[in-house]
Amino acid sequence: MDTEQDVTGEPPRSAPYYAPAGDEAGLFEQAAKHDLPVLIKGPTGCGKTRFVQYMADRLGRALYTVACHDDLTAADLVGRHLIGPAGTFWQDGPLTRAVREGAICYLDEIIEARKDTTVILHPLTDDRRMLPLDATGECLHAAPGFMLVVSYNPGYRNLLKGLKPSTRQRFVALSFDYPAPAVEQQIVAHEGGVDADTAHTLVKLAGALRHLGGHDLDESPSTRLLIHAARLIRAGVDTLTACTACLAEPLTDDLTTRAAILDVVRAHFAVAPARAPMRTSIRTSIRTPIRAI
Ligand SMILES: Nc1ncnc2c1ncn2[C@@H]1O[C@H](COP(=O)(O)OP(=O)(O)OP(=O)(O)O)[C@@H](O)[C@H]1O
Ligand SMILES: [Mg+2]
């Protein structure tokens, strides 16, 4: 299969760590109990995937995860005939396996998938809970426990992409955002392995940068980026270098914005400001010969 897929089909080995924002786990459990599919929206790196892993573990169900993209075909989800030494044989795709086994199938960034791909989800996500396999002539009824979960990042939406109302209106929808500061601090400390003070400063820094979002900064720093910075700091990398590599560089290519982010980092970690005279002297030394010419 030439599609990029992360298909495990195994329950995660150790219970995934997940810090709740509210009662999203309770709501998910109710949806699971009543055979309702779930749609999770939220910005990148805010905990959508981790939540689904946690819920699969909590419900004791296997999890099939598919990272959707615009080349994903229905066959990548459902399965296809392959040629082997003994002739052609049918191989289930991750969706079909989840339907047969009563597992959770998680379609990450569903909005990237082609429209014809999402249409095959319709009979599965209403009362019928059916998956017709045109290629084999079978019509599968989802085993008890089967659940479809999809997610997308509303920030990436454009006019050409987006779920059709007939698809959207099949799901119980949960809206995720970056966790509240106290929860995010706990997550950064746990996942990044740093002390509470460092986690607190990183989260405050993220708050300041998120405040700039939409004005000077196009993207907001995710919880994921804070964890990356925390891990480098924990490994002994100095805070400015860690925040440059994990926050400033991933967030922008614009040098002025990058410098502004680093000023905010310096202010939060009490790092001495960049030495302006040095920059001036470099510029002067470059300009001087030009003037002389
Ligand atoms: N509530 C949370 N509890 C525990 N860890 C969290 C939580 N939120 C975020 N994280 C941490 O942040 C990382 C990124 O989260 P995750 O991969 O779930 O983001 P996502 O929303 O799926 O992002 P994307 O849209 O880019 O796929 C996780 O690996 C985890 O370490
Ligand atoms: Mg994800």
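Ligand 1 lies between domain 1 (24-175) and domain 2 (181-276), because both domains give residues to the shell around ligand 1. The model is a predicted one. The shell around ligand 1 consists of 19 residues, and the closest of these are T44, G47, K48, T49 and R50. Three helices, α2, α7 (181-192) and α9 (223-234), each supply at least two residues of this shell. By class, the shell around ligand 1 contains seven nonpolar, seven polar and five charged residues.

Helix α1 covers residues 24-33 and helix α2 residues 48-59; the two pack at an angle of about 60 degrees, and their axes are 11 Å apart. This angle makes α1 oblique to α2, since angles under 35 degrees count as roughly parallel and those from 65 to 115 as roughly perpendicular. The crossing in which α1 passes α2 is right-handed. On the α1 side the contact involves E24, A25, F28 and A32, which meet F51, M55, R58 and L59 of α2. Six nonpolar residues and two charged residues make up the contact of α1 with α2, with no polar residue.

The axes of α8 and α9 cross at roughly 145 degrees and come within 10 Å. The crossing of α8 past α9 is right-handed. From α8, the residues T198, A199, L202, V203 and A206 take part in this contact, and from α9 the residues L226, A229, A230 and I233. The contact of α8 with α9 comprises eight nonpolar residues and one polar residue, with none that is charged.

Helix α8 (residues 196-212) packs with helix α11 (residues 255-269) as well, at an angle of about 145 degrees and with the axes 10 Å apart. Here too the crossing, that of α8 past α11, is right-handed. T201, K204, L205, A208 and L209 of α8 form the contact with I261, V264, V265, H268 and F269 of α11. In the contact of α8 with α11, seven residues are nonpolar, two are polar and one is charged.

Methods. Residues numbered from 1 in each chain as written. Chains lettered and ligands numbered in written order. Predicted model: local features only at pLDDT ≥ 70, side-chain atom pairs only at ≥ 80, totals over all residues. Axes fitted to C-alpha atoms, helices over the stretch in contact; angles between N-to-C directions. Helix = DSSP H or I, 4+ residues; strand = E, 2+ residues; numbered from the N terminus. Parallel < 35°, antiparallel > 145°, perpendicular 65-115°, else oblique. Left-handed = near helix turned anticlockwise from the far one by under 90°. Contact = placed C-beta atoms within 7 Å. Nonpolar A, V, L, I, M, F, W, Y, C, P; charged D, E, K, R; others polar. Near = placed C-beta within 6 Å. Domains from an automatic or database assignment.
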